[in-house]
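This briefing is intended for a reader who is new to the structure. Please consult the sequence and the model shown below alongside the text.

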Amino acid sequence: MDKLVTVGILSASTEESQISRLTYRNSQGQLVDLSSVAATQVKNEFGSILEKAMHGGPVAITRHETPKAVLLSYDEFLRLTEDRAPKLDDLSQEFDALLLRMQTLKVKQGMDAAFNAAPARIGRAAVTAVRRASGSRSSGGPLKPRKRSAK
């Protein structure tokens with residue numbers, strides 16, 4: 001037996017004084033029109049509406065002609081949600097590939113140089129980086145100290 005799940009409306013558009021047309025993108029990526037049913041009708045005829053949702057596609061449930069929920073088969077729900085979340089194995093492989101790209105000889109040498117650099121060299125590199133970022137000339141005299149405001 002198919003299980004059922006209720007999810008929110010994905011898309012709704014209204015044309016002047018006509019009944020709203022509801023659509024959603026199914027698990028195959030197709031834009032599909034939804035049939036809509038009033039909440040009171042769902043309450044009174046749940047069995048037949050459940051069958052329609054399980055075999056005929058999702059059904060929008062409305063209250064005062066405003067979409068409030070969608071009834072769709074559990075299988076369709078799984079198809080819609082399982083492709084959206086990346087699998088842990090995929091994320092692990094992506095991380096491993098990124099880590100491998102970061103472990104080149106050039107990167108290792110750069111990190112060794114940064115951690116073994118004298119404080120004066122680190123200071124000069126910081127000043128150069130600030131000047132580049134602010135658009136100032138990259139060479140020249142030392143930075144002028146800022147005047148502190150009196151407290």
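Glu-76 counts as buried, at 8% relative accessibility, where buried means under 20% relative accessible area, exposed over 50% and partly exposed in between, computed with a 1.4 Å probe on protein chains only. The model is predicted: local features need pLDDT of at least 70 and side-chain atom pairs count only at pLDDT 80 or more, while totals for chains, interfaces and linings use all residues. Residues are numbered from 1 along each chain as its sequence is written, and side-chain values use heavy atoms, with hydrogens and water left out.

**Salt bridges**

- A search of the whole structure finds two salt bridges, a salt bridge being a side-chain nitrogen of Lys or Arg within 4 Å of a carboxyl oxygen of Asp or Glu.
- Glu-76 takes part in a salt bridge with Arg-79, and their closest N and O atoms are 3.0 Å apart.
- Both residues belong to helix H3 (residues 74–82); because they are three residues apart there, about one helical turn separates them.
- Arg-79 is partly exposed, its relative accessible area being 37%, whereas Glu-76 is buried.
- Lys-108 and Asp-112 form a salt bridge in which the closest N and O atoms lie 3.4 Å apart.
- These two residues, Lys-108 and Asp-112, sit four residues apart in helix H5 (residues 105–116), about one turn of the helix.
- Asp-112 is partly exposed at 36% relative accessibility, while Lys-108 is exposed with a relative accessible area of 51%.

**Overall architecture**

- The protein contains six helices and six strands; helices (H or I, at least four residues) and strands (E, at least two) are DSSP runs, numbered from the N terminus.
- Along the sequence, these elements follow the pattern β-β-β-β-α-α-β-β-α-α-α-α.
- The protein has 151 residues, of which 17% count as buried.
- Contacts (heavy atoms within 4.5 Å) between residues at least 6 apart in sequence include 44% that join residues at least 24 apart.

**Strands S5 and S6**

- Strand S5 (residues 59–63) includes Thr-62, which counts as buried at 11% relative accessibility.
- S5 pairs with strand S6 (residues 66–73) in the antiparallel sense over five bridges; two strands pair if DSSP finds at least two bridges between them.
- Beyond its neighbours within four places in sequence, Thr-62 contacts several residues, including Ser-36, Val-37 and Lys-68.

**Strand S4**

- Val-32 is found in strand S4 (residues 31–38) and is partly exposed, with a relative accessible area of 25%.
- Residues up to four places away in sequence set aside, Val-32 touches Leu-22, Thr-23, Tyr-24 and Asn-26.
- Val-32 and Gly-57 are 25 residues apart in sequence, and their C-alpha atoms are 9.3 Å apart in space.

**Surface**

- The protein exposes about 12,400 Å², and carbon and sulfur atoms supply 55% of this area; accessible areas come from the Shrake-Rupley method with a 1.4 Å probe, and for residues only the protein chains shown count as cover.
- Phe-95, Leu-98, Leu-99 and Met-102 make a nonpolar surface patch of about 370 Å².
- Patches are made of residues with over 30% relative accessible area and no salt bridge, with like charges joined within 9 Å and nonpolar side chains (Val, Leu, Ile, Met, Phe, Trp, Tyr) within 5 Å.
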